[in-house]
Amino acid sequence: MNRLAIGTSGWNYAHWRGGFYPEALPSSQWLEFYSRHFRTVELNVTFYRTPRETTVRKWADTTPEDFLFSVKMNRRITHRHRLSDAEEALDAFLAMLSGFGQKLGVVLIQLPPSFRFDRERVEHFFEALRRKSPHIRYALEPRHMTWLHEEAYAVLRHYEIAFCQADSGGRYPTAEVVTAPFVYLRFHGPGALYASAYTDEQLRAVAEKIRAWRDQGLDVYAYFNNDFHGYAVENARKLIEFVGMGNCGARERG
């Protein structure tokens with residue numbers, strides 16, 4: 001069976017207390033609680049800092065055996081170095097990833113909106129990436145129109161890096177294109193960024209696409225980043241229901 005993982009972008013949100021998390025539940029137990037409801041989470045914290053090895057191991061030990069962490073690449077690599085001369089930062093990031101072991105899902109490479117497609121630059125980076133980490137799955141979320149053409153897709157296909165299909169309510173350009181043996185979806189909100197909810201009709205349409213990709217033999221990872229008011233939790237639950245995943249994507253509530 002193809003892998004199918006649906007969850008949220010992060011779990012450590014104080015404004016989820018009293019909605020998703022019980023009022024009396026200590027924040028130290030939130031990940032364990034979250035993992036009873038979803039089988040995967042996308043980590044945004046790794047974009048801002050590199051967690052300690054002990055922290056990563058604690059996250060891995062706290063979650064069930066089949067739980068998956070998708071991890072956002074550190075901004076030192078993507079935004080400061082802009083994928084160039086970033087070997088030291090990349091080595092530190094890859095060393096941190098090893099702590100997830102078999103629970104590592106996909107590494108998300110999110111680029112700044114000003115980052116135009118530069119074939120020479122990105123191929124040099126992807127070559128180093130594949131040399132250092134040949135078995136890790138990567139997805140790229142570009143935010144500049146120059147990435148939306150066949151030359152860029154061909155480069156991604158060559159290195160088996162998924163073009164991240166990210167919905168931001170039209171704020172950033174995106175395309176429904178498959179460039180790897182898996183599909184990576186992100187949902188930032190259909191209206192206000194991070195602060196708007198998807199309708200059942202919108203989620204049913206996504207569910208149809210997911211079923212079609214799975215019929216093609218593709219794995220699918222999907223994460224909701226619209227954390228305000230707990231929209232991400234409810235939208236993720238609904239999408240799991242509409243895809244018909246059962247316990248493959250969500251766990252028994254408790």
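Arg186 and Glu42 are both buried, where buried stands for a relative accessible area under 20%, exposed for over 50%, and partly exposed for values in between, with a 1.4 Å probe and protein chains only. The side chains of these two residues, Arg186 and Glu42, meet in a salt bridge of 2.7 Å from N to O, a term that requires a side-chain nitrogen of Lys or Arg within 4 Å of a carboxyl oxygen of Asp or Glu. This pair links distant parts of the chain, with Arg186 in strand 8 and Glu42 in strand 2 (residues 40–43), 144 residues apart. Helices (H or I, at least four residues) and strands (E, at least two) are DSSP runs, numbered from the N terminus. Arg186 and Glu42 also belong to a network of salt bridges in which Glu141 and Arg143 are linked with them.

The model is predicted, and local features need pLDDT of at least 70, side-chain atom pairs count only at pLDDT 80 or more, and totals for chains, interfaces and linings use all residues. Residues are numbered from 1 along each chain as its sequence is written, and side-chain values use heavy atoms, with hydrogens and water left out.

The structure holds 14 salt bridges, and three of them are set out here.

| Salt bridge | N to O distance |
|---|---|
| Arg186 and Glu42 | 2.7 Å |
| Arg57 and Glu53 | 2.5 Å |
| Glu176 and Lys209 | 2.9 Å |

Arg57 and Glu53 both lie in helix 3, four residues apart, which is about one turn of the helix. Arg57 is partly exposed, with a relative accessible area of 47%, whereas Glu53, at 52%, is exposed. Glu176 and Lys209 form a salt bridge whose closest N and O atoms are 2.9 Å apart, and this pair links distant parts of the chain, Glu176 being in the loop between strand 7 and strand 8 and Lys209 in helix 8, 33 residues apart. Glu176 is exposed, with a relative accessible area of 52%, while Lys209 counts as partly exposed at 37% relative accessibility.

The structure holds 27 aromatic pairs, counted where rings of Phe, Tyr and Trp (its six-membered ring) have centres within 6.5 Å, with planes under 30 degrees apart called stacked, over 60 edge-to-face and the rest tilted. Phe115 and Trp147 form a tilted pair, 6.3 Å centre to centre with 45 degrees between the planes. Phe115 lies in the loop between strand 4 (104–110) and helix 6 (119–132) and Trp147 in the loop between strand 5 (137–141) and helix 7 (150–158), so the pair ties together parts that are 32 residues apart in sequence. Phe115 and Trp147 are both buried.

On a 1 Å grid over the protein atoms alone, a cavity is a set of points where a 1.4 Å probe fits but cannot get out, and a pocket is an open set with protein on both sides within 12 Å along at least five of seven lines, lining residues having an atom within 4 Å of a point. Grid points are joined across faces, edges and corners, and a volume is the space filled by probe spheres set on the points.

The largest pocket holds about 450 Å³ of space. Its lining consists of 16 residues, of which Trp11, Asn12, Ser27, Leu31 and Trp59 lie nearest the centre. Helix 3 gives the largest share of this lining, four residues. The second largest pocket holds about 320 Å³, and Asp167, Glu176, Phe187, Val206 and Lys209 are nearest its centre among 14 lining residues. Here the largest share, four residues, comes from helix 8.

There is one cavity of 30 Å³ or more, and the largest cavity contains about 40 Å³ of space. Among the residues that line the largest cavity are Glu141 and Arg143, which also take part in the network of salt bridges with Glu42 and Arg186.
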